Amino acid sequence: MRNPSALLLINIAQLLTLRHPPQAQGPRRGPALKELGIIEDAAVLCLGGKIVSIGKTKDALRDPWLKKNRKKVLEINCEGQVVLPGFVDSHTHPVFVSPRLVDFEKRISGASYEEIAEAGGGIRSSLAGVRRAGKSLLAEKVLDALHEMAELGTTTVEAKSGYGLSVESELKSLEAIRTAAARWPGTVVSTLLGAHVVPAEFRGRSQKYVELVCNEMVPQAAKRKLAQFVDVFTERGAFSAQETEQVFAAAEKHGLGVRAHVCQLSQTALQTLLRFDPASFDHMDHVSDDDITELSRRDAVATLVPGANYFLGLDCYPPARKLIDAGVPVALATDYNPGSSPTASMPFVMSLACTHLKMSPAEAITASTINGAWALRLADRKGSIEPGKDADLAVFEAADYREIPYWFASNRCAFAVLNGTLVASGGSGELG
Ligand SMILES: [Zn+2]
């Protein structure tokens, strides 16, 4: 890891700026998803963790400030490489102890996600490990995931609690996220997902559990500034739309933003949830046509997580084309978690988006960068390479950006820059 105060990348084959198209406002939708703002033979100058200028290499080298200060600048030749904004992974569940290998085998032999959950597997089976674990072990687990994400080009991560499901274990999970985030150079946004599923001790008394989330978890997480968002798994077998509204109302009362897992396995009407101005609705496999029309008029982002469909072996994938063609802003995320999507790789998710969701490579890149930033309400700092924004970059061994989703299941990320700090990818050796 290196943290130079000044960093200059030159001779970049393609710089994907994702700069704001003049006609577009808010998150990217429709044809604006394809506008990558590419500069060839480009350069980027970063100072003190911020991007200060972008342009052609020859113009950058003529800059009077640079001429005078070149010795103080760490210069990296990016010949044969593509540089784009670091990925914004806006949906992950990194606070868990063990992989869920029994569920994995059961599913292979034919059990469904819901059958496994009914038999005591699924989300509930991650609870024991998290409840037993000390905060430092959980923080180590989160930090391992964050390091792996950075090696794959991710520089901003949304991290949820949700495998503790008691006041103590949910707060411990959020503290673990905070500890890990302080030791990682990228940016972490934390989310309280106390309403992930009803734990066994509240079986048949889901209203009591919702009250615990609303009256204790949310206020304490807000008071201790442990979360920016509150999330709910709105699904049969988890929480109803009405219970989701209760949790959202508690979040609103305590000044926290809201987001929800919705329409993953069945349809939920989104109308009643929209009054809470959610930043994002995630999954969206079974969203209704009426809700698609409604979302096309709003800035709430539809965050698609096809890694879960892939890993659960589903035939059905989220209706990305329908959403995009209707004008709904779409983001992509890994949904990194031990049950349904154990991958930290945004490039793999982008590849799935191209092959299974029929998104173009350009749409997949926009959905993984600037629209991910919108889904976290960080678009003023993250998701594009523009002067004034945070120095978050991903550098790929590729002459053309379409290679990023093309070479699936291999890591072509050479290095990433996270708030100005360079992190080399495992296999790439020396920087520059
Ligand atoms: Zn999730």
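A residue is termed buried when its relative accessible area is under 20%, exposed when over 50%, and partly exposed in between (1.4 Å probe, protein chains only). The model is predicted, so local features need pLDDT of at least 70 and side-chain atom pairs pLDDT 80 or more, whereas totals for chains, interfaces and linings use all residues. Residues are numbered from 1 along each chain as its sequence is written, and side-chain values use heavy atoms, with hydrogens and water left out.

The protein chain is divided into domain 1 (6-86 + 384-428) and domain 2 (87-375), with bounds that come from an automatic or database domain assignment. Taken over C-alpha atoms, the two domain centres are separated by 29 Å. Domain 1 supplies 36 residues to the contact and domain 2 supplies 39 residues, contact meaning heavy atoms within 4.5 Å. About 2,800 Å² is buried between the domains, with carbon and sulfur atoms giving 67%; this buried area is the accessible area (1.4 Å probe) that two parts lose on being put together, summed over both.

A nonpolar core is a set of buried Ala, Val, Leu, Ile, Met, Phe, Trp, Tyr and Cys residues joined through side-chain atoms within 4.5 Å. The largest such core has 119 residues, of which Y209, F281, M284, L332 and M359 touch the most other members. Helix 8 gives the most to this core, with nine residues; helices (H or I, at least four residues) and strands (E, at least two) are DSSP runs, numbered from the N terminus. Domain 1 and domain 2 each contribute at least three residues to this core. Apart from it lies another core, of 21 residues, including V44, I51, L74 and A391.

Aromatic rings of Phe, Tyr and Trp (its six-membered ring) pair if their centres lie within 6.5 Å; planes under 30 degrees apart count as stacked, over 60 as edge-to-face and the rest as tilted. By this rule there are nine aromatic pairs. Y209 and F239 are stacked, because their ring centres lie 6.3 Å apart with the planes at 25 degrees. Since Y209 belongs to helix 8 (residues 206-223) and F239 to the loop between strand 9 (229-233) and helix 9 (241-253), this pair ties together parts that are 30 residues apart in sequence. Y209 is buried at 0% relative accessibility, and F239 is buried with a relative accessible area of 2%. Elsewhere, ring pairs link F96, Y163 and Y336 into a cluster.
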